[in-house]
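Reader: Please walk me through this structure, one question at a time.

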Amino acid sequence: MTIHVVEPGQTLYSIAGQYGADPELLRQANGVPADGALAVGQTLVIQEIAVFHTVQPGQTLASIARQYGVSLRTLYRNNPVLHGILEVRPGQMLAIQYKEEKYGRIYTNGYAYPFIQPLQLSTTLPYMSYVTPFTYGITAQGSLLPLDDGRILAEASRLGTAPLLHLSTLTESDTFSSERAELLLSNPSRQEALIRQIEEVMAQKGYQGVDVDFEYIPGAQREAYAAFITRLRARVTPLPVLVALAPKTRPDQPGLLYEGHDYALLGAAADYVLLMTYEWGYTYGPPMAVAPLPNVRAVLDYGVSEIPREKIYLGIPAYGYDWPLPYRQGETRAQSISNRRAVEIAVEQRAEIAFDQRAQSPWFRYTEGGVVHEVWFEDARSMSAKLRLVDEYGLRGAGYWNLMRPDPQGWTVLNALYDVADAP
């Protein structure tokens, strides 16, 4: 994989010619619009095809997969233009294998709301070992809030992605409730009733594990939370239980977000954990990278000191933010945008994309309606830097928050660096 940074005067066709690449495949792999518009400083991922196939009349994607001894999921990942759909046309060129050597296999998990666009869902699922529909919250009485997850589960089944039931303390108003967490964790009978309900939903809908995300738990409940995870895991085994952890760098880190998450206890209680290594740059904070690499490393360094590294999923943001300036604490609100939309804005505003070497993150500024904006997002360089940490630290894989926004280049980078393992 080569990451090319667009320079002034370059076009999609001139860059394709420089590397001997097919312009249309280059465009599709990087989410470039049909008109080929580029921004200075934008990244393009260049991959050299080792084996390609031209579809013949009468051939199907399934027959082509059998011919080369590869899975349909591999063909979908190698050819994002397929969008996870079986149909192919005569004369269409498919990449069967690329020349780059990969680091190996990793497991991936991604979160999706029920209202995800159908094409976005089918395009993304082949890159995921697991998909986690968001979310089954908890009522004031301790039972599960309903979730319209049928469409996600059906597509996951079709595309070979295992679903995880997402259990959280989110309320009917979409806020995390410390009170509901405390009521559950302090009441064994409520826990028993909730676990029975989880077992019923899992059996009915075919869930292949549980992903638990209790946030803003008081520190006094940290042992009770770990005990609940232990109890839940014992009931659903051999299916896995994964727990999302706030991004801590030390055991006594203060703050309601951190105090109830004991890395050692939860790491022992759960099969796997997700380190939520993102949201340093966030909606109400000052402009900065969503996941600066030094911050991510600091969390990983602490995480592997408390939890077996083979249990850890690295959290990766699949989005960016657009801040109006000047930033005023308590007043300024950033807009969450897709990584592809960030590049589109740079193209529209003729902004040059810069790259912060320390944060390992791209950013730019533009002016619209007399208001200066600052945008931070993820590109091939930043995604590559994060994903390489999975190999460097010997982690189980990566967990993406979230799958709702288009990010063709992000999936191209993942597919270039690793083989995505199917859920066991």
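Author: A polar contact is a pair of N or O atoms within 3.5 Å; within protein one must be able to donate a hydrogen and the other to accept it, and residues adjacent in sequence count only if both atoms are side-chain atoms. The model is predicted, so local features need pLDDT of at least 70 and side-chain atom pairs 80 or more, while totals for chains, interfaces and linings use all residues. Numbering starts from 1 along each chain as its sequence is written, and side-chain values use heavy atoms, without hydrogens or water.

Reader: Which side chain does the side chain of Glu374 join in a polar contact?

Author: Glu374 lies in strand 17, residues 371-376 (strands are DSSP E runs of at least two residues, helices H or I runs of at least four, numbered from the N terminus). At 2.8 Å, its side-chain partner is Trp376.

Reader: Is Glu374 buried or exposed?

Author: Buried means under 20% relative accessible area and exposed over 50%, with a 1.4 Å probe and protein chains only. Leaving out residues up to four places away in sequence, Glu374 touches Pro287, Tyr321 and Trp363, among others (heavy atoms within 4.5 Å). Its relative accessible area is 7%, so Glu374 is buried.

Reader: Which element gives the most to the lining of the second largest pocket?

Author: A pocket is an open set of 1 Å grid points where a 1.4 Å probe fits, with protein on both sides within 12 Å along at least five of seven lines; lining residues have an atom within 4 Å of a point. The second largest pocket has 18 lining residues, with Ile46 and Glu48 among those nearest its centre. Strand 2 (43-46), strand 3 (49-54) and helix 2 (23-30) each give two or more residues. With three residues, the element giving the most is helix 2.
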